[in-house]
Amino acid sequence: MSAQREWFEKDYYEALGVSKDSSDKEIKKAYRKLASDLHPDKNPGNTLAEEKFKDVSAAYDVLGDDEKRKEYDEVRAMSPAGGFGGGHPGGGPGGFSFNVGDVGGSGGLGDLLGNMFGAGARRGGGSAAGVGPRRGADIEAQLTVDFADAVTGLETSLHLTADAQCSTCSGSGARPGTSPQVCQNCGGRGVVDDNQGFFAMTAPCTVCQGNGVTIDNPCGTCRGSGIERRPREVKTRIPAGVRNGQTIRLKGRGSPGRNGGPNGDLLVELAVRPHPRFGRNGDDLTVRVPVSFADAALGGDIDVPTLDGGEVTLRIKPGTQSGSRHRVRDKGISRTTKNGRTTGNLIVTVDVIVPTELNDAQRAAVEAFAAATTVEGGQESP
Ligand SMILES: [Zn+2]
Ligand SMILES: [Zn+2]
C-alpha cells in the first residue's frame, strides 16, 4: 500500500487521540503514553492491542516528523474523509490537480480517488487481466490405477483436454512467420505513467492490455492468446505406495503461464482399484490364508501368496488359532519417504477351515480325536 493511500484512509490524529492543531510536544506525549500502554510485552496474546500498537506507531511515524506531518495534513485536506466535501474538483492546495474528465468519473472527488486506488490495488495484486507475468492455472485430473501398480509405482500417461501452449505459434500468439512487436505505447513495460500531480502512479497500458507486446498478425489457431484448448498426453511416473484418494502434484504440467509467468501444476487425484485378495494397512499388505485344522493344531509350514504372484513360506506354531495374525517381514509396500526408504510387512490372517465333507478315514480319525479329547477332558475335570 502506498503511503499516500494509507494517509487518505487513516486518521493519525485520531489514532493518537490528539487534535489537529496539537503541538509537537502534545503529540509526543500522547504517543509515549499509548505506546507504553499498548506495548506487546504488556499485552501478550492480545491481538487488538497489537493492532492498535501498530496504528499508533504508524501515526507517530508521520505526525512525529515535521515534514511528514505537513505533507500528511495536505493530503488529508484533499481526502473526502478529511472534510474536503466534494464539489471542488478543479484544484487543491499545494499543487494538486485533478481533472475529473480524464477518468470519466461523475461522482466528484470521492469517486475519482476510488477509481485511482482501485486500479492501483488491482495492479499490486497482480490479478488484473493481462498485466505482467501470470502463473498458469492448475489443472485437475483423475487417474485410476490397479492395486498392484499403486504398491509398486508405475509409468503411465494421462490423457486430458485442457489449455496448452498453442501448437501453431508455440505460444507467441503471432501468426507463423511474424513475431510480436514491442508495444509502442508503453515501450514493453505493460504499464504507463499516470501522473496526477502529487501522485506518481502507473496504469495498465491500454494498447497492449499490459502484455508489453502487440500482435499485428494474430495466430489463427489461438487468435493471439498463445493458448489453445486441445487434447494432450502427459507422461508421468506414479511413485510406489500411493493411496486411494491421494492427489499428486505434477509441477509445471498445468495451464501455460502468460507473459513469461510459470506454468500451473497438474493435480492428479488417484483412485486405487481394490484387490480381490490383498488389502492394505499403511505400508503393510494384508492377506487371509486358509489353514487346515490339522496344520493349525500340529503347526507347520504354510504357503502364503505375495502380491507379485509368488509365494513365501510361513511357519505356524502348533495350536494356531483361527483369526490370528502373523507377520512376514519386508513383504509389504516399499517406498521412498523423506526419511529414506521404508518397507512394510505382509500381515497374514489365518482362517482355520472346518471340512464340509469327510471320507470314511477322516471321519474315523476325527471320531477317535473326539473320543480322546473327551477322555482327556474327563480325566482332567474334577
Ligand atoms: Zn503497451
Ligand atoms: Zn497460436
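What geometry does the site of the zinc ion (ligand 2) have, given the angles among its 4 donor atoms? The site is tetrahedral, with angles of 104 to 114 degrees. For orientation, the ideal angle for four tetrahedral donors is 109.5 degrees. The model described here is a predicted one.

The protein donors at this site are the SG atoms of Cys166, Cys169, Cys219 and Cys222, which lie 2.3 Å from the zinc ion (ligand 2). Along the chain these donor residues follow the spacing C-x2-C-x49-C-x2-C. Distant parts of the chain are linked in this way: Cys166 sits in the loop between β2 (154–165) and β3 (181–182), while Cys219 sits in the loop between β6 (213–214) and β7 (227–238), 53 residues apart. Cys166 counts as buried because its relative accessibility is 1%, which falls under the 20% limit. Cys219 is also buried, with a relative accessible area of 2%.

The model holds another zinc ion, ligand 1. Cys183, Cys186, Cys205 and Cys208 coordinate the zinc ion (ligand 1) through their SG atoms, at 2.2 to 2.3 Å. The angles among the 4 donor atoms run from 102 to 115 degrees, and the site is tetrahedral. In sequence, the donors of the zinc ion (ligand 1) are spaced C-x2-C-x18-C-x2-C. As for bonds between cysteine sulfur atoms, the count of disulfides in the model is 0.

The protein has 382 residues, of which 32% are buried. Its secondary structure consists of 9 helices and 17 strands. Among contacts with a sequence separation of 6 or more, 61% are between residues 24 or more positions apart. The protein exposes about 23,000 Å², and carbon and sulfur atoms supply 48% of that area.

Where do the nonpolar residues gather? In soluble globular proteins, nonpolar side chains tend to be buried together. Here the largest nonpolar core has 36 residues. Those with the most contacts inside this core are Leu158, Leu160, Leu266, Leu270, Val304, Leu346 and Val348.

Leu346 shows what surrounds one member of the largest core. Residues up to four places away in sequence are not counted here; beyond them, Leu346 touches Phe278, Leu285, Thr286, Val287, Val304, Pro305, His326, Arg327, Val328, Lys331 and Gly332. One of these, Val304, is also listed with Leu346 among the residues with the most contacts inside the core.

The last stop is Arg280, which is placed in strand β10 (residues 279–281). Is Arg280 buried, partly exposed or exposed? Arg280 counts as partly exposed, because its relative accessibility of 27% lies between the 20% and 50% limits. Leaving aside neighbours within four places in sequence, Arg280 is in contact with Phe147, Gly241, Val242, Arg243, Leu285, Thr286 and Ile333. Leu285 and Thr286 are also among the residues that Leu346 touches. Arg280 and Val151 are 129 residues apart in sequence, while their C-alpha atoms are 9.3 Å apart in space.

How values were computed: Residues are numbered from 1 along each chain as its sequence is written. Chains are lettered from A and ligands numbered from 1 in the order in which they are written. This is a predicted model: local features need pLDDT of at least 70, side-chain atom pairs count only at pLDDT 80 or more; totals for chains, interfaces and linings use all residues. Side-chain values use heavy atoms; hydrogens and water are left out. A nonpolar core is a set of buried Ala, Val, Leu, Ile, Met, Phe, Trp, Tyr and Cys residues joined through side-chain atoms within 4.5 Å. Buried means under 20% relative accessible area, exposed over 50%, partly exposed in between (1.4 Å probe, protein chains only). Contact means heavy atoms within 4.5 Å. Helices (H or I, at least four residues) and strands (E, at least two) are DSSP runs, numbered from the N terminus. Accessible areas come from the Shrake-Rupley method with a 1.4 Å probe; for residues, only the protein chains shown count as cover. Donors are N, O and S atoms within 2.8 Å of the metal (3.2 Å for Na, K and Ca); water is not among the atoms, so sites may look incomplete. Four donors count as tetrahedral if all angles lie between 85 and 135 degrees; four count as square planar and six as octahedral if opposite donors are over 155 degrees apart and all others between 65 and 115; anything else is irregular. A disulfide is a pair of cysteine sulfur atoms within 2.5 Å.
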